[in-house]
Every structure is written in C-alpha cells, then in structure tokens.
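Reader: I am new to this structure and would like to go through it slowly, asking at each step what a term rests on.

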Amino acid sequence: MQRLDQFLSAQGLGTRKEVRKDIRSGRIAVNGQVVTIPEAKIDPARDAVERDSVRVTWSEHVYRMLNKPAGVITAARDPHQRTVMDLIPPGRKGIQPVGRLDKDTTGLLLLTDDGDLAHRLLSPAHHVEKVYEVQTDLPIPPDAAARFAAGLELSDFTAKPAELAVLQPGFARVTICEGKFHQVKRMFAAVSVNVVALRRISFGPLTLDPALPEGESRVLTPEEEEALKAL
C-alpha cells in the first residue's frame with residue numbers, strides 16, 4: 001500500500017505540495033470515487049487512479065531524470081550531507097542513482113528501481129557513452145584530442161579511447177564509455193589542465209532536458225524509457 005500523494009508525485013504529476021492541492025481540490029478519483037485526503041492509502045497495482053478523469057498509469061518500475069546541482073552527493077543516503085535522493089519525490093522503495101556524479105559535478109543523472117537495467121547500463125561490456133561539457137583553468141593543448149583518442153595512461157589504469165571536441169580554448173565536450181573515479185578530471189590533468197566545471201549532458205540515449213532546472217527531476221517519457229531498454 002502507498003499514500004495517494006506519494007503515488008501521484010512518484011508518477012511525475014508534480015511535487016508533493018502540488019499533488020496534495022490537486023487531491024484536496026477534488027481532481028483525483030480512486031476506483032471512480034473522488035478522494036480528497038492526501039494520506040489515503042491505495043494499492044498502485046490494483047486501484048484505478050484518475051486525475052481529471054484521465055487514468056494515471058502505474059508502471060512496474062520508476063525512471064527519473066535529475067538535473068543534479070553542485071554540492072549534492074550521489075548516494076542513497078548520508079547522515080551528514082544532502083544527497084540526490086533528497087531532490088526527488090518520495091515514492092516507491094528501491095529507487096537508486098545509476099552510477100555517480102562527483103559532488104561538484106552537475107547535469108544528467110538517472111534514478112530507477114530497475115536493478116537489471118541499472119546493471120546493464122553500468123556494465124563495462126555495454127560501453128554506454130557519457131558526454132560531458134568541461135571548463136578548464138587553462139587553454140586545452142592542441143594535442144589533447146589525439147591523446148584522448150589514443151587512450152590516456154593514468155597512474156592506475158589506461159583510459160579507453162575517448163572523443164574530445166575543443167569548442168573554445170578552455171571549453172570542451174568529451175565522450176567516454178567508462179566511468180572510473182574522477183576519470184574525466186584525471187584525464188584532463190594528464191594533459192596539464194585542471195577541470196573547474198563539469199556537467200554531464202547525456203548518458204546513453206538520454207539527453208539532459210534543457211527545460212529541466214538544476215535540482216529538479218521528471219519521469220522519463222515513454223520514448224526515452226524505450227530507448228534505454230533497447231540498449
């Protein structure tokens with residue numbers, strides 16, 4: 001069983017505050033009966049929930065795109081720091097971030113309770129591409145793109161070939177297919193520049209929604225979900 005306001009928010013129909021307003025105003029019906037109590041319990045798999053006479057579809061899994069801001073850690077929980085889980089509506093148990101972004105890295109982060117899909121997306125065997133926008137403290141050396149493409153030797157491993165597109169002297173777009181700890185920052189350090197801002201703009205077939213403000217999230221569209229599952 002789940003609270004009605006939690007269910008509606010988890011399905012992407014608004015923040016908890018917004019869906020509570022919808023419920024109290026009589027816009028929500030459960031099994032044909034208007035329900036005005038946000039705390040009312042429902043069974044998402046069996047009860048028919050409607051908003052303004054339109055069925056709210058329950059899905060087996062939840063898939064959310066978050067535009068992660070800086071200063072938030074990628075973790076399910078932390079006793080001392082704010083986590084990405086604090087930025088999404090409470091709902092179904094088991095929702096986790098897929099991979100991680102450093103505390104000061106911003107941009108696209110996928111969260112889901114679909115463990116099989118998460119494992120597939122993170123598996124090195126699938127080579128899922130991740131694209132980042134990178135700002136550096138100094139102009140990027142002319143040979144950096146060739147060195148990225150050849151695979152950079154780092155202290156503890158050799159990074160797989162990556163695509164580097166220098167857009168301005170201190171601004172670039174880099175595409176990698178792995179995600180080791182601080183990898184992008186370490187790759188740029190290996191060519192003698194430091195990363196001062198890092199933003200992920202795509203993950204596999206997903207592209208960061210330009211209309212999604214930092215710190216906000218939304219459920220994936222059916223097309224986005226289908227593209228993910230096709231990997």
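Reader: Where is the place of Asn67, and why is Asn67 called buried or exposed?

Author: Asn67 belongs to strand β7, where strands (E, at least two residues) and helices (H or I, at least four) are DSSP runs numbered from the N terminus. Buried means under 20% relative accessible area, exposed means over 50%, and partly exposed lies in between, with a 1.4 Å probe and protein chains only. Asn67 has a relative accessible area of 5%, and therefore counts as buried. This is a predicted model, in which local features need pLDDT of at least 70 and side-chain atom pairs count only at pLDDT 80 or more, while totals for chains, interfaces and linings use all residues. Residues are numbered from 1 along each chain as its sequence is written, and side-chain values use heavy atoms, with hydrogens and water left out.

Reader: Which residues does Asn67 touch, not counting residues up to four places away in sequence?

Author: Contact means heavy atoms within 4.5 Å, and with those neighbours set aside Asn67 touches Gly107, Leu208, Leu212, Pro213, Glu214, Gly215 and Glu216.

Reader: What makes Arg199 count as it does at 32% relative accessibility?

Author: The value of 32% puts Arg199 in the partly exposed class. Arg199 is placed in strand β13, and its contacts beyond four places in sequence are Thr106, Gly107, Val131, Tyr132, Glu133 and Leu208. The C-alpha atoms of Arg199 and Val134 are separated by 6.6 Å, although the two residues are 65 apart along the chain.

Reader: How do you know which strands pair with β10?

Author: Two strands pair if DSSP finds at least two bridges between them. β10 and β12 have six bridges, in the antiparallel sense, with Ile176 of β12 as the bridge partner of Lys130. β10 and β13 have seven bridges, also antiparallel, and there Tyr132 stands opposite Arg200 of β13. Six of the seven residues of β10 are buried, so this strand is largely enclosed by the rest of the structure.

Reader: Why are β3 and β6 said to stand at the edges?

Author: Four strands form an open sheet with antiparallel pairing, in the order β3-β2-β5-β6. β3 (33-34) and β6 (54-55) each have a single partner strand, so one side of each is left without a neighbour in the sheet. Between β2 (residues 28-30) and β5 (residues 49-51) the antiparallel pairing runs over three bridges, and Ala29 stands opposite Glu50 in β5.

Reader: What puts the buried residues of α3 on the same side?

Author: In α3 (residues 115-122), the residues Leu117, Ala118 and Leu121 are buried. They cover an arc of only 100° around the axis, which puts them on the same side of α3; the arc is that of the directions from the helix axis to the C-beta atoms. Asp116 and His119, on the other side of α3, are exposed. The cover over the buried residues of α3 includes β7 (63-68), β9 (106-112), β13 (195-203) and α6 (222-229).

Reader: Which residues of α5 are buried, and why are they placed on the same side?

Author: Gln183, Val184, Met187 and Phe188 are buried in α5. They cover an arc of only 130° around the axis, which puts them on the same side of α5. These buried residues pack against β10, α4, β11 (163-168), β12 and β13.

Reader: What makes a group of residues a nonpolar core, and how many residues has the largest?

Author: A nonpolar core is a set of buried Ala, Val, Leu, Ile, Met, Phe, Trp, Tyr and Cys residues joined through side-chain atoms within 4.5 Å. The largest has 32 residues, and Phe148, Val174 and Phe188 have the most contacts inside it. At least two residues of this core come from each of β9, β10 (130-136), α4 (144-150), β12 (171-176), α5 (183-190) and β13. A second, separate core of 15 residues includes Leu108, Leu117, Leu121 and Phe203.

Reader: What is said of the phi of Asn31, and what makes Asn31 count as it does at 46% relative accessibility?

Author: Asn31 has a phi near 55°, a positive value in a residue other than glycine. Asn31 lies in the loop between β2 and β3, and its 46% relative accessibility makes it partly exposed.
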